[in-house]
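User: I would like to learn how to read cores and strand pairing in a structure. Please take one case and go through it.

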Amino acid sequence: IALALACSGATLNENEEGADVWMEGDPGEETEEEADDNFCQYNGSIATDDRAGSAYVMLTWTEVDCDEWFYGVPEGKTLFRVKPEGEYARPVLDLSDHEDVRVLFPADGLLVMGELDGDEHLYLFDEQDLTQLNAAVVDADYNGTRSSPSRRWVAVADNDVSPAPIHIIDTTDLSIVRLLEDGSYIEAMWMNGFDQLAVITEARDRSGVFLSLWDPEAPSSPELAVYAPEHHFEVDIDYTWIGVHPYDELVVFPVEHETRGDELLLLDTTDEQLAVIPNAHGPVGFSPEGDLVVAYRYEDLDGDGFGDEGGQASLLLIDTATYELEELDIPFEGYPEYFVTREGRVVVMASMLGDQELVLFDLDSGAMSEVGGPSMGLQEFVSRGGHDELWLINQRELFRLDLEEASMETISLGFAAAHINILPSLDLLVLDEADDTVIRFWDPNDRSTLRTVELDARQQRLMWANLPRPMAP
């Protein structure tokens, strides 16, 4: 599935409970202890699962100083489950020598994926007791997983093959269906309410793009297919990432026309009609009720093609019933990125370069508010349901954005934070420390750490033989 070189438009950086998570990371600033003994350990992103009240972190370690670390250095890797109460840190799987490790949360279990010896290895566990249930080895190189609404299916591109086909994995038995093996560029996204896959693929002769909808249980032919001639994938700043209406009535494909430039293709799933919005960029967002598509326009004033001070963007609101447009100036220069909140109908906007203050736009009142506070982007954040607020990490600090008051608060933690996720049912944030392999369960109500869990590979090496090893398929 196509990967973007940069990120403008609707941000993909919100961290959510139950979402697919790429677990790899890079070493941060080394501690004095690590500097003394030629040892470096670090973790990447945090995955969370409300079903078992758990967070998952992959600890990576190598016997070189962190400041001498380089890609390809031999590393050990262990996936851990940590909880805010009960068990402390339970090793799930020894993933040494695996690359590109991902954690997913299918309906019945925990799915771990990683590349080993040129093949993709899949490991399925019971999410409660962590018993390994199944395993599979696939001759593929996976990137960009998408889990279906029921969490039964996973769509992912096989980058070992050119053109890259889509594999649809049935998580109940780890069987695979191969879809669309004769296009060039390809991108896919599940609908929101049911297991139907929206796909865009470029014709091999580059004459246009095919837009289609697929049922994973009947993959021999699409349920809907539309051809759009003279349109092509957008693989630049504003890339082809499919946007889906909250109630699946509309699918939006950002593309580039051969002569007219950037456009949005709007596919109405109710009548199969295709509309074109000219001079519009994605990825797009939707208002919570689905009455508006949120996109943007951009004028590159200095002609250098970069999202810096030489360009001006405007917010573009598209009425999903009439396709009427409203264009609003954004009070900062450069390419924008934005997040449309699920509560309060607010668009949170940032400069793609993270060098300007956040701006809020209220879709109901039409008010545009500059938040104040430090310059930042939307790279690492969570949305706290029921509280009209976002919690963001920027430059190793934690911030609370009050969406109703349009105000920013800096939170004093006493440590530098690198990653954040959330356990909604427990109303807890999960943070890690940027300079150490420490996970903290943090209460946003009383602003305190509920539990601290320290992960140390040196202790694990003493009992390495006891680490859970992958079960052969």
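Analyst: What follows covers the nonpolar cores, then the strands, of this predicted model.

User: How many residues does the largest nonpolar core have, and which have the most contacts inside it?

Analyst: In soluble globular proteins, nonpolar side chains tend to be buried together. Here the largest nonpolar core has 33 residues, and Leu264, Leu315, Val347 and Met349 have the most contacts inside it. Strand E26 (residues 292-300) gives the most to this core, namely six residues. Another core, of 19 residues, lies apart from it and has Val209, Phe233, Trp241 and Phe253 among its members.

User: Which residues does Met349 touch, leaving out those up to four places away in sequence?

Analyst: Met349 touches Leu315, Ile330, Phe332, Glu337, Tyr338, Leu358, Val359, Phe361 and Met368.

User: Which strands pair with E31?

Analyst: Strand E30 (residues 346-351) is joined to strand E31 (residues 359-362) by four bridges, and the two run antiparallel. Val346 has Asp362 in E31 as its bridge partner. E31 also pairs with strand E32 (residues 368-370), again antiparallel, over three bridges; there Val359 is partnered by Glu370 in E32. The hairpin of E31 and E32 has five residues between the strands, and Gly366 takes a positive phi near 80 degrees.

User: Why is one side of E16 and of E19 left without a neighbour in the sheet?

Analyst: The open sheet has four strands in the order E16-E17-E18-E19, with antiparallel pairing. E16 (186-190) and E19 (224-229) stand at the edges with a single partner strand each, so one side of each has no neighbour in the sheet. From one strand to the next the twist averages 15 degrees. Six bridges join E18 (residues 208-214) to E19, and Phe210 stands opposite Tyr227 in E19.

Definitions and conventions:
Residues are numbered from 1 along each chain as its sequence is written. This is a predicted model: local features need pLDDT of at least 70, side-chain atom pairs count only at pLDDT 80 or more; totals for chains, interfaces and linings use all residues. Side-chain values use heavy atoms; hydrogens and water are left out. A nonpolar core is a set of buried Ala, Val, Leu, Ile, Met, Phe, Trp, Tyr and Cys residues joined through side-chain atoms within 4.5 Å. Buried means under 20% relative accessible area, exposed over 50%, partly exposed in between (1.4 Å probe, protein chains only). Contact means heavy atoms within 4.5 Å. Two strands pair if DSSP finds at least two bridges between them. Axes are lines fitted to C-alpha atoms, for helices over the stretch in contact, and angles run from 0 to 180 degrees between N-to-C directions.
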